[in-house]
Amino acid sequence: MSEYSELLKRLDRRDLPQHIAIIMDGNGRWAKKRHLTRVKGHERGSKVVKYIVETAAEIGIKVLSLYAFSKENWNRPKEEVDALMQLLHRYLLTEGNNLIKNGIRLTVIGDLNSLSPKLRELITDVCERSRNNPKTRVVIALSYSGRYEIVEAVKSIIKDVQSGSLDSSVIDEQMFNGYLFTKDIPDPDLLIRTSAEKRISNFMLWQIAYTELYITKTLWPDFTKAEFLKAIINFQKRERRFGMTGDQLITQQIKSHGYPLNE
Ligand code: IPE
Ligand code: IPE
Ligand code: MG
């Protein structure tokens with residue numbers, strides 16, 4: 001039996017993370033180790049995206065967010081940026097119909113105005129055509145920055161207060177959340193970062209307040225379906241306390257599930 005099927009048996013289907021976010025990092029180092037151009041690393045990385053999306057849908061993950069390109073990544077050499085945009089274009093062209101056919105809904109978050117009109121058009125098309133798909137929702141963060149998202153939310157709130165459509169006394173966390181790109185998406189339960197870097201690099205700063213972090217040495221182009229399952233199984237062993245004591249947590253789990261989750 002393959003490692004993947006073994007791991008699949010160990011997965012607790014009652015306790016799947018609703019939302020998994022991934023910082024897909026290490027394409028450049030993967031290529032460098034092989035004396036290839038960085039673009040080759042990105043090409044290989046985009047193939048990994050395809051089978052991780054399939055795996056997430058297969059096991060019933062509700063939301064999979066993928067950090068594909070940050071606002072800061074615009075500062076990379078022009079050839080690399082162009083190649084990344086081209087790859088994204090190609091991914092949506094070749095995979096768009098497959099995603100739709102497989103019941104996957106695509107959402108893209110970020111500063112989409114900075115993208116070329118052609119890429120924007122393609123994104124809008126796939127997002128629109130998949131909007132009623134019930135299965136897994138794939139959120140691609142493109143030209144994304146967590147700080148930018150928060151500042152944009154603040155600007156919109158100010159606009160609504162000034163126009164009189166929002167009363168400033170009702171501003172609270174839940175309302176603020178409603179102004180983010182991810183307004184209708186639950187916060188990530190698990191954040192995976194490949195390539196061993198122990199940082200967030202401006203990803204979903206607001207949303208990851210209580211997210212469990214999983215950092216692996218594996219470079220993104222080497223990330224496998226089996227390692228994806230390992231990250232979820234590791235997540236399932238953790239005790240998420242949200243500021244409470246461990247005992248309080250067990251009482252709460254028995255109340256809602258009838259049993260403590262980690263036993
Ligand atoms: C992640 O791989 C892809 C993007 C950020 C677009 P990198 O290109 O950052 O790879 P490393 O970190 O240089 O190895
Ligand atoms: C984070 O990776 C952004 C994406 C994976 C898209 P970077 O490679 O840009 O992050 P830093 O620069 O190492 O923090
Ligand atoms: Mg990197």
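## Two ligands in one predicted model

A polar side-chain atom of Arg76 comes within 2.7 Å of an oxygen atom of ligand 1. That pair is a polar contact (two N or O atoms within 3.5 Å). The protein covers 87% of the 380 Å² of accessible area that ligand 1 has on its own, with areas taken from the Shrake-Rupley method with a 1.4 Å probe.

Some ground rules before going on. This is a predicted model, in which local features need pLDDT of at least 70 and side-chain atom pairs count only at pLDDT 80 or more, while totals for chains, interfaces and linings use all residues. Residues are numbered from 1 along each chain as its sequence is written, chains are lettered from A and ligands numbered from 1 in the order in which they are written, and side-chain values use heavy atoms, leaving out hydrogens and water.

**Ligand 1.** Who is around it? The shell (residues with a heavy atom within 4 Å) is made up of Met24, Asp25, Gly26, Asn27, Gly28, Arg29, Arg38, His42, Ala68, Asn73, Arg76 and Leu84. Sorted by class, that gives 3 nonpolar, 5 polar and 4 charged residues, and Gly counts as polar here. Helix 2 (27-33) and helix 3 (38-59) each supply at least two shell residues, and the largest share, 3 residues, comes from helix 2. Helices here are DSSP runs of H or I with at least four residues, and strands are E runs with at least two.

**Ligand 2.** Arg76 turns up here too, in a shell with Ile23, Met24, Asp25, Tyr67, Ala68, Phe69, Asn73, Arg193, Arg199 and Ser201. Strand 2 (residues 63-70) gives the most, with 3 residues.

| Ligand | Protein atom | Distance |
|---|---|---|
| Ligand 1 | Asn27, backbone N or O | 3.1 Å |
| Ligand 1 | Arg38, polar side-chain atom | 2.9 Å |
| Ligand 2 | Arg76, side-chain N or O | 3.2 Å |
| Ligand 2 | Arg193, side-chain N or O | 3.4 Å |
| Ligand 2 | Ser201, side-chain N or O | 2.6 Å |

Taken alone, ligand 2 exposes 380 Å², and the protein buries 79% of that.

Terms used
Polar contact = N/O pair within 3.5 Å; in protein donor to acceptor, adjacent residues only side chain to side chain.
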